[in-house]
Amino acid sequence: MNKVMISIIMPSYNAEQFLENTLNSVVNQTFTDWELIIIDDCSSDNSVEFLQNYISQKKQITLLQLKTNSGPAVARNRGIEYARGKYIAFLDADDYWHKQKLEKQLYFMKNKDIALSFTAYDRVEEDSGIYIDTQSVPNRIDYKTLLKQNIMGCLTVMYDTHKLGKIYMPNIARRQDYALWLKILKQVPYAYGLNESLAYYRVRTFSVSSNKVIASSYHWKVLRDIEKLPIYKAIYYFGWYTYKSIMKYK
């Protein structure tokens, strides 16, 4: 199989209304040495039909279909397994990118010789795309700091498989991306942030991530079940997570 520079992993489930905009944001990237791997998780809308039509003339895009609905961790891991790129990037089917996202982030990573990076991003309203706010990022973050709060938006993260190998997400229903960042930060001292907004995250009214109770329960699960923190450390970091969540929405 021929290699590419960047493999983009995109799980998709019932996202038909957003797919054209999302896919166009990839196809129109100024950096062109990429492949896009879409993993459909048994969508019940017309996503698959739309995707098959869209990609019929686009050799850089591959559609994989899961046989049973398995969740985003399984879908993303299937994409990572299939990927041929030196770098792995992530984009969900309802989000989209600035046209220079890959070009600028790749330059950033090569220039600093780093294994894991993330960027700032804009939050926008689900249907209208109207700007809500910008999620800025620090210059770098380490494992202990990330335990306090996940500030690495999945739609912005990219890692270098030549430095790290392929690293997969734990199979949990939520926060699997956060658990992956923590896993990588056990191998390298820092993830580096590019504080330029290069992606757009749709705030979906009825998404699970909008349910703070459920989100909190999965954050706790990562701390205790995935990271295996002693109870006192888990309470300490969960306290930080709660505090930062409250301050974020004040």
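**Around Met-169**

Leaving aside residues up to four places away in sequence, Met-169 touches Arg-76, Asn-77, Phe-90, Gln-176, Asp-177, Leu-180 and Trp-181, where a contact means heavy atoms within 4.5 Å. The model is a predicted one, in which local features need pLDDT of at least 70 and side-chain atom pairs count only at pLDDT 80 or more, while totals for chains, interfaces and linings use all residues. Residues are numbered from 1 along each chain as its sequence is written, and side-chain values use heavy atoms, with hydrogens and water left out.

Met-169 sits in the loop between helix 6 (161-164) and helix 7, and with a relative accessible area of 4% Met-169 is buried; here buried means under 20% relative accessible area, exposed means over 50%, and partly exposed lies in between, with a 1.4 Å probe and protein chains only. Between Met-169 and Lys-67 there are 102 residues in sequence and 19 Å in space, taken from C-alpha to C-alpha.

Two of the residues touched by Met-169, Arg-76 and Asn-77, belong to helix 3 (residues 72-82), where they are buried along with Ala-73, Ala-75, Gly-79 and Ile-80. What do the buried residues of helix 3 pack against? Their partners are strand 1 (4-12), strand 2 (34-40), strand 4, strand 9 and helix 7.

**The chain as a whole**

Seen as a whole, the chain has nine helices and 10 strands, these being DSSP runs numbered from the N terminus, with helices (H or I) of at least four residues and strands (E) of at least two. The radius of gyration of the chain is 17 Å, close to the 18 Å that the globule rule gives for 250 residues, so the chain is as compact as a globular protein of that length; the radius is taken over C-alpha atoms, and the rule is 2.2 Å times the number of residues to the power 0.38. Along its principal axes, the C-alpha trace spans about 55 × 40 × 35 Å.

Of the 250 residues in the chain, 50% are buried. Among contacts with a separation of 6 or more, 78% are accounted for by residues 24 or more positions apart. The chain exposes about 12,200 Å², of which carbon and sulfur atoms supply 49%, the areas coming from the Shrake-Rupley method with a 1.4 Å probe.

**Charges and salt bridges**

The chain carries 33 positive and 25 negative side chains, and the centres of the two sets lie 9 Å apart. Lys and Arg count as positive and Asp and Glu as negative, whereas His and the chain ends are not counted; the place of a charge is taken as NZ of Lys, CZ of Arg, CG of Asp or CD of Glu. A search of the whole structure finds nine salt bridges, each defined as a side-chain nitrogen of Lys or Arg within 4 Å of a carboxyl oxygen of Asp or Glu.

One of them joins Lys-86 to Asp-160, with the closest N and O atoms 2.8 Å apart. This pair links distant parts of the chain, for Lys-86 is in strand 4 (residues 85-90) and Asp-160 in strand 9 (residues 158-160), 74 residues apart. Lys-86 is partly exposed, at a relative accessible area of 21%, whereas Asp-160 is buried, at 2%.

A salt bridge also forms between Arg-123 and Asp-133, whose closest N and O atoms are 2.9 Å apart. Arg-123 lies in strand 6 (residues 116-125) and Asp-133 in strand 7 (residues 131-135), so the pair ties together parts that are 10 residues apart in sequence. Arg-123 is buried, with a relative accessible area of 13%, while Asp-133 is partly exposed, with 22%.

Glu-227 and Lys-186 form a further salt bridge, the closest N and O atoms being 2.9 Å apart. Here the pair links distant parts of the chain through two loops, with Glu-227 between helix 8 (212-226) and helix 9 (231-248), and Lys-186 between helix 7 (176-184) and strand 10 (191-203), 41 residues apart. Is Glu-227 buried or exposed? Glu-227 is buried, at a relative accessible area of 8%, while Lys-186 counts as exposed, at 51%.

**Two backbone details**

Asn-14, in the loop between strand 1 and helix 1 (16-27), has a positive phi of about 50 degrees although it is not a glycine.
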